[in-house]
Amino acid sequence: MQESIERAVDQFRALLEEQLARVQRMERAEAAKDFAGMDRITIGVIGGDGIGPAIVAQARRVLESLLKDELALGRVTLKQIDGLTLENRLALGKSVPDDVLAAIKGCDVLLKGPTTTPKGGTMESANVTLRRELDLYANVRPVRVPEAGIDWVFYRENTEGEYVLGSRGVEVPGRLAMDFKVTTQPGTRRIARAAFEYAKNNGKTRVSIVTKANIMKKTDGNFSAICHEVAADYPGIEADDWYIDIMAANLVNPAIRNQFQVFVLPNLYGDIITDEAAQIQGGVGTAGSANIGDRYAMFEAIHGSAPRMIEEGLGDYANPASILRATELLLRHIAMAKPAERLAKALEICCETERAVVVTGDRSGATCREFTDYLLQNLDQI
Ligand code: IPM
Ligand code: MG
């Protein structure tokens, strides 16, 4: 047992040093890329696993239609990136194979299908690896239910918290296991800044800081305090504090939920509550997700690869709405507001007002291709 303790202590020292080095790198951060000033943009398109290839193929068709002129002029390039499949990752023993990562780093932004994470073992989730490798620190997830007055945007911290060392906890076999949660000064400051900037630039008047600082006193306590420091630079915006448990209840409380606007929260709480929020909007198949860093950005569906649908032969019946919303977020991010607006309008017609072709996730509904045909017809009218 003494040996296990020694090993754990050594491991902890190494982790601490590594995280402090990360803090230093963040402190030297450069200015964010300005897409409006770029004359060539490469969009990487990654199918992923399970239902991923099916829904991403449809999102690609939509991009090809929306960006027809930009593609023809070479202003935008779509680059298909293969190899981010579970089989390949398991065969190579790498959550993101080196050649795939190199191809990804050659792009400016990515449209990515869901990737399956093996349970247990030591293989990290490809998402977590990519968020870390590309330093995609802001996970932005909008959720809207107009008829209920809901218009929320979640700013989930995406590179630290419970995730950064989630595959590197310590264990005294048969006795105990311990994982680590990390909150850093610059890591929190940058997500808080992103949330408040978004609020300021979009006429929002309230940012809700969500933690469990009464229990996780160091990590969440610092997260909340740093968010309040940043809030002081935004006098027109109210910053309020909530614990994650009551916020989970608030989101299903019709009496108050429409008063929330922007949320900023640590990684794991953000993961959980954005699934809840997406379900309120109509299901996890309906919400898009942006992973944004200063240099790269990755856009994806909020949901996973749905292996059960594949087992049941229902892959073609997967709902592409979430990846299409992610596509809209991607277009906004690369300063293509007009095509983004067209897509938003078409999604509103096809998913909310008209709903002439409906995807149900099984054979009772349309396939993702049929839904996309319907969406493309509508796009032509907008
Ligand atoms: C998400 C997903 C990921 C996460 C998984 C796939 C690692 O649930 O993007 O919300 O936990 O962040
Ligand atoms: Mg999640």
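These are my notebook entries on a predicted model, taken topic by topic.

**Ligand site**

Tyr 163 has a side-chain N or O atom 2.6 Å from an oxygen atom of the ligand. For Arg 131, I noted a polar side-chain atom 2.7 Å from a ligand oxygen, and for Arg 156 the value is 2.8 Å. On its own, ligand 1 has 320 Å² of accessible area, and the protein covers 77% of that.

**Aromatic pairs**

I went on to the rings and got a count of 9 aromatic pairs. The one I looked at in detail is Phe 154 with Phe 263, which is stacked, at 4.4 Å centre to centre and 10° between the planes. Phe 154 sits in strand S5 (residues 150-157) and Phe 263 in strand S10 (residues 262-265), so this pair ties together parts 109 residues apart in sequence. Buried or exposed, then, for Phe 154? Phe 154 is buried, because its relative accessibility is 0%. Phe 263 comes out at 1%, so I wrote down buried there too. Both rings also belong to one aromatic cluster, along with Trp 152, Trp 242 and Phe 260.

**Salt bridges**

How many salt bridges does the structure hold? I have 25 in my notes, and I checked a few of them.

Glu 64 and Arg 60 meet at 2.9 Å, N to O. They are 4 residues apart in helix H2 (residues 52-66), so about one helical turn separates them. Glu 64 is partly exposed at 35% relative accessibility.

Asp 98 and Lys 94 form another bridge, at 3.0 Å from N to O. Here Asp 98 is exposed, with 52% relative accessible area, while Lys 94 counts as partly exposed at 36%.

Arg 193 and Asp 233 form a bridge at 3.2 Å, N to O. This pair links distant parts of the chain, 40 residues apart: Arg 193 is in helix H7 (residues 185-201), and Asp 233 is in the loop between helix H8 (219-231) and strand S9 (238-243). Both are partly exposed, with Arg 193 at 32% and Asp 233 at 48%.

I also noted a network, in which salt bridges with shared partners join Lys 112, Arg 131 and Glu 300.

Last, I looked at Met 1, which is in the segment before helix H1 (2-27). Met 1 is exposed, because its relative accessibility is 58%. With Ile 5 and Val 9, Met 1 forms a nonpolar surface patch of about 280 Å² accessible area together.

Terms used: Residues are numbered from 1 along each chain as its sequence is written. Chains are lettered from A and ligands numbered from 1 in the order in which they are written. This is a predicted model: local features need pLDDT of at least 70, side-chain atom pairs count only at pLDDT 80 or more; totals for chains, interfaces and linings use all residues. Side-chain values use heavy atoms; hydrogens and water are left out. Patches are made of residues with over 30% relative accessible area and no salt bridge: like charges are joined within 9 Å, nonpolar side chains (Val, Leu, Ile, Met, Phe, Trp, Tyr) within 5 Å. Accessible areas come from the Shrake-Rupley method with a 1.4 Å probe; for residues, only the protein chains shown count as cover. A salt bridge is a side-chain nitrogen of Lys or Arg within 4 Å of a carboxyl oxygen of Asp or Glu. Helices (H or I, at least four residues) and strands (E, at least two) are DSSP runs, numbered from the N terminus. Buried means under 20% relative accessible area, exposed over 50%, partly exposed in between (1.4 Å probe, protein chains only). A polar contact is a pair of N or O atoms within 3.5 Å; within protein, one must be able to donate a hydrogen and the other to accept it, and residues adjacent in sequence count only if both atoms are side-chain atoms. Rings of Phe, Tyr and Trp (its six-membered ring) pair if their centres lie within 6.5 Å; planes under 30 degrees apart count as stacked, over 60 as edge-to-face and the rest as tilted.
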